[in-house]
Amino acid sequence: MDRPHRLAPPRRAGRGLSRSLHTGALSSPACSSRAGIVCLLPCSVLFAFALHNTLGMEPRTLELFYDVLSPYSWLGFEVLCRYQHLWNVKLQLRPTLIAGVMSDCGNNSPAMLPRKGQYLSKEIPLLGQHFQVPISVPKDFFGVILKKGSLNAMRFLTAVSMEQPEMLEKVSRELWMRIWSRDEDITESQSILAAAEKAGMATEQAQKFLGKMTTAQVKDKLKETTEAACKYGAFGLPFTVAHVDGKTHMLFGSDRMELLAYLLGEKWMGPVPPTPGATL
Amino acid sequence: MDRPHRLAPPRRAGRGLSRSLHTGALSSPACSSRAGIVCLLPCSVLFAFALHNTLGMEPRTLELFYDVLSPYSWLGFEVLCRYQHLWNVKLQLRPTLIAGVMSDCGNNSPAMLPRKGQYLSNEIPLLGQHFQVPISVPKDFFGVILKKGTLNAMRFLTAVSMEQPEMLENVSRELWMRIWSRDEDITESQSILAAAEKAGMATEQAQKFLGKMTTAQVKDKLKETTEAACKYGAFGLPFTVAHVDGKTHMFFGSDRMELLAYLLGEKWMGPVPPTPGATL
């Protein structure tokens with residue numbers, strides 16, 4: 001499987017000019033002339049520091065609301081996982097229940113309309129090639145989506161997000177690999193355990209999370225995340241919320257990443273951006 | 001308004017090696033040795049010609065099924081109008097009735113779901129900026145979409161496509177400019193006339209097409225195109241059908257153009273590709 005690229009993140013540290021100004025680094029109205037000279041030195045240092053900081057910016061937070069039941073969530077997820085190391089962003093993965101989002105606003109899975117379902121089953125493999133994601137439509141498409149759902153898997157991921165967020169990307173990916181690449185179950189505890197172990201989680205730790213799956217705390221957290229998505233206006237997944245200059249921008253679908261790049265002032269290099277060491 | 005780029009098309013002439021082979025240009029089993037030498041000369045010329053032709057390829061036909069009622073159709077239309085001069089393709093504009101496509105498969109306008117409608121009205125202006133298309137959501141969104149429709153406009157465009165197809169792009173654009181940029185009517189004859197004139201059509205000619213709008217021939221042609229879209233599997237518009245190596249590939253939406261580029265083996269340079277004379 002083609003793994004998403006792991007790159008050294010080009011982190012840009014610094015707080016930005018506005019914050020330095022607010023701390024009063026550049027204001028010195030009360031300085032007398034002698035004190036003025038004394039003030040001048042640290043002020044100029046601070047000014048230089050603030051100027052340097054305008055070149056850096058706080059990473060912009062991207063919240064990705066996703067459900068492993070959703071194939072387009074996988075595509076969007078992989079793209080953002082690649083770009084999180086290239087753009088000045090901080091990616092926050094938010095496990096969400098797509099069934100909850102749909103029912104909250106009266107929407108349906110596109111697969112419910114026969115002609116849409118037909119279209120999706122054709123374009124998904126092609127998108128998989130383009131995105132270099134080994135996605136494959138499960139044989140029993142309707143059985144998977146409608147009947148089995150992904151409640152346990154999303155509760156498991158929620159538990160992981162609460163206690164071991166650094167594992168969230170890998171475990172999510174392994175769940176997608178099961179359902180949307182190898183057409184394997186993700187509803188049974190054994191299935192979820194297998195995915196977690198494949199992701200590199202110790203069996204003991206995975207068992208612990210399996211236990212937490214049914215606690216009120218985890219159930220509530222998943223509900224809360226799902227409600228947050230709805231509050232942002234989500235009617236389906238994947239749903240990306242970009243926090244830029246104090247504003248929130250909502251983008252639906254795996255096909256809005258180039259638009260996201262435009263919004264962030266970042267470079268779009270397709271769904272499979274080059275890694276730093278690659279010869280072009 | 002930023003007009004789509006007009007570029008000298010990098011046409012690649014030639015029929016391809018396979019066709020030359022089929023005409024028997026390279027087969028000469030029956031040549032005797034003396035006749036062989038005589039055969040050799042023209043054969044080598046033909047071989048060189050065929051070889052040269054493999055470097056060229058037939059332009060791939062792209063059919064774009066669209067309706068001026070559809071804002072995403074406008075975005076897809078502008079992108080393809082730009083790339084038709086950059087890629088080895090032949091763009092065929094197919095005026096279609098979106099209402100007909102929807103009803104044929106039991107689909108609805110996304111605007112019918114409140115949360116989707118809210119989302120669309122937020123993202124359309126942003127997409128307009130990114131695509132450099134002066135798109136603006138009409139004040140009475142639901143009134144426009146549901147009540148007035150676009151039957152007359154699409155019949156007019158159908159008439160144009162049948163007799164003056166070289167005007168189809170300009171006239172389609174002016175109709176979109178009315179409804180989706182200046183929030184003006186496109187149902188009245190006067191409105192359609194104004195759009196056609198703005199597109200550079202002589203008033204007399206435009207009046208002729210207005211007359212043809214209500215003929216059985218034009219009505220049937222629009223029905224036929226709409227049915228063709230449905231037969232290709234369309235459930236909405238814009239719908240792009242790419243004919244590549246004897247296969248048809250279907251793409252729904254204005255956000256599948258990068259995927260189309262991938263399929264065609266062409267370069268994607270974003271929704272606003274550079275013109276040849278531009279300094280980069």
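**From the core to the interface**

Leaving aside neighbours within four places in sequence, B:F156 is in contact (heavy atoms within 4.5 Å) with B:V171, B:I192, B:A196, B:M201, B:A206, B:F209, B:L210 and B:M213. The model is predicted: local features need pLDDT of at least 70 and side-chain atom pairs count only at pLDDT 80 or more, while totals for chains, interfaces and linings use all residues. Residues are numbered from 1 along each chain as its sequence is written, chains are lettered from A and ligands numbered from 1 in the order in which they are written, and side-chain values use heavy atoms, leaving out hydrogens and water.

B:F156 is also one of the three residues, with A:F156 and A:L260, that touch the most other members of the largest nonpolar core, a set of 162 residues. Such a core consists of buried Ala, Val, Leu, Ile, Met, Phe, Trp, Tyr and Cys residues joined through side-chain atoms within 4.5 Å; buried means under 20% relative accessible area (1.4 Å probe, protein chains only).

At the interface, 32 residues of chain B are in contact with 33 residues of chain A. The two chains bury about 2,900 Å² between them, 59% of it on carbon and sulfur atoms; buried area is the accessible area (1.4 Å probe) that two parts lose on being put together, summed over both. In chain B, the residues that lose the most area to chain A are B:R115, B:Y119 and B:H130, together 25% of what that side buries.

Between the chains there are 6 salt bridges, each a side-chain nitrogen of Lys or Arg within 4 Å of a carboxyl oxygen of Asp or Glu. One of them joins the side chains of A:R115 and B:D104 (2.5 Å, N to O). On the side of chain B that touches chain A, the elements giving two or more residues are α4 (98–105), α5 (114–131), β4 (247–252) and α12 (257–264) of chain B. Of these, α5(B) gives the most, with 8 residues. Helices (H or I, at least four residues) and strands (E, at least two) are DSSP runs, numbered from the N terminus.

Of the 280 residues of chain A, 51% count as buried; for the 280 residues of chain B, the share is 52%.

Note on methods
Buried means under 20% relative accessible area, exposed over 50%, partly exposed in between (1.4 Å probe, protein chains only).
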